[in-house]
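Keep the viewer open as you read.

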Amino acid sequence: MIICKAQNYTDMSRKAANIISAQVIMKPDCVLGLATGSSPLGTYKQLIDWYQKGDLNFSKVSSVNLDEYRGLSPEHEQSYRYFMNENFFDHINIDKARTFVPDGLALDVDKFCKDYDKLIEEIGGIDLQLLGLGRNGHIGFNEPSDIFARDTHCVDLAPSTIDANKRFFNSEEDVPRQALTMGIRNIMMAKKIVVVVSGKDKAKALKETIYGPITPKIPGSVLQLHPDVIIIADEAALSEI
Ligand code: F6R
């Protein structure tokens, strides 16, 4: 595990975007595993900027997103599909037909989850997975638990996650209570993992992720077992280390 110290959010985002750029340049038809939320937003902005300057070409890239709120349609402004279109896909030359986000409206959830696992395999597995870290140590929406969930599944969001994400909704009641998320196996099968972590409210979770015991109580701690992880964190996030 490589820990890379960034001065601030902008520096963190540029460093992460550099690694993703290198991936896209070295393997133009790569599969990117993508995340939503505040952490990767600056990374996407930087990648868009480099694309607009002509330095990057996403035309052969496929992407697969970690998660989606259950019950939100792709048109819902807080859905993760909407987030990805607004903040990344609509500004680069990726083929939208090859961008995959779990279907929050899937009726047969079990079947959908199995199909999502199959899809990840069929497109060749994830070359580079971008992750954020929850305040409670979650990755994707794999919340603290007694077990590591293997594959894509439906999860009840933890109260701390609902609290953290209510900032995007009109009120806490509007935050969906469930989500579909890739499991720990899906994430750990990625060839390379880049984690972006910013802010003091992540400091405890980050310390436990890097130095704590490997436990499903801190899902991010499983990353200690992955052979190619880089954590890019700003000074505030590293303040407890
Ligand atoms: C989002 C995701 C989550 C977030 C995490 C941090 O797709 O999978 O694990 O990465 O909740 O969220 P932010 O970046 O908003 O602090």
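## Starting at Thr-43

Leaving aside residues up to four places away in sequence, Thr-43 touches Ser-13, Ala-16, Ala-17, Ile-20 and Val-196. Bear in mind that this is a predicted model.

Thr-43 sits in helix α2, which covers residues 41-52. Is Thr-43 buried or exposed? Its relative accessible area comes out at 0%, and the cut-off for buried is under 20%, so Thr-43 counts as buried.

The bridge partner of Val-196 in β10 is Ile-232. Overall, β9 (residues 192-197) and β10 (residues 229-234) run parallel and are joined by five bridges.

What about β6? Strand β6 (residues 128-131) pairs with β9 over four bridges, again in the parallel sense. Leu-130 has Val-194 in β9 as its bridge partner. Five of the six residues of β9 are buried, so this strand is largely enclosed by the rest of the structure.

In which order do the strands of the open sheet come? Reading across, it goes β1-β10-β9-β6-β2-β3-β5, seven strands with parallel pairing. The edges are β1 (2-6) and β5 (99-100), each of which pairs on one side only. As a reminder, strands of a sheet pair through backbone hydrogen bonds, either parallel or antiparallel.

## Zooming out to the chain

Counting everything, the protein chain has seven helices and ten strands. Its radius of gyration is 16 Å, close to the 18 Å that the globule rule gives for 241 residues, so the chain is as compact as a globular protein of that length. Along the principal axes, the C-alpha atoms fill a box of roughly 45 × 45 × 35 Å.

How much of the chain counts as buried? The figure is 55% of the 241 residues. As for contacts between residues at least 6 apart in sequence, 79% of them join residues at least 24 apart.

## Surface and charge

The protein chain exposes about 10,800 Å², and carbon and sulfur atoms supply 52% of that area. On the charge side, there are 27 positive and 33 negative charges, and their mean positions are 5 Å apart.

Technical notes: Residues are numbered from 1 along each chain as its sequence is written. This is a predicted model: local features need pLDDT of at least 70, side-chain atom pairs count only at pLDDT 80 or more; totals for chains, interfaces and linings use all residues. Side-chain values use heavy atoms; hydrogens and water are left out. Helices (H or I, at least four residues) and strands (E, at least two) are DSSP runs, numbered from the N terminus. The radius of gyration is taken over C-alpha atoms; the globule rule is 2.2 Å times the number of residues to the power 0.38. Buried means under 20% relative accessible area, exposed over 50%, partly exposed in between (1.4 Å probe, protein chains only). Contact means heavy atoms within 4.5 Å. Accessible areas come from the Shrake-Rupley method with a 1.4 Å probe; for residues, only the protein chains shown count as cover. Lys and Arg count as positive and Asp and Glu as negative; His and the chain ends are not counted. The place of a charge is taken as NZ of Lys, CZ of Arg, CG of Asp or CD of Glu. Two strands pair if DSSP finds at least two bridges between them.
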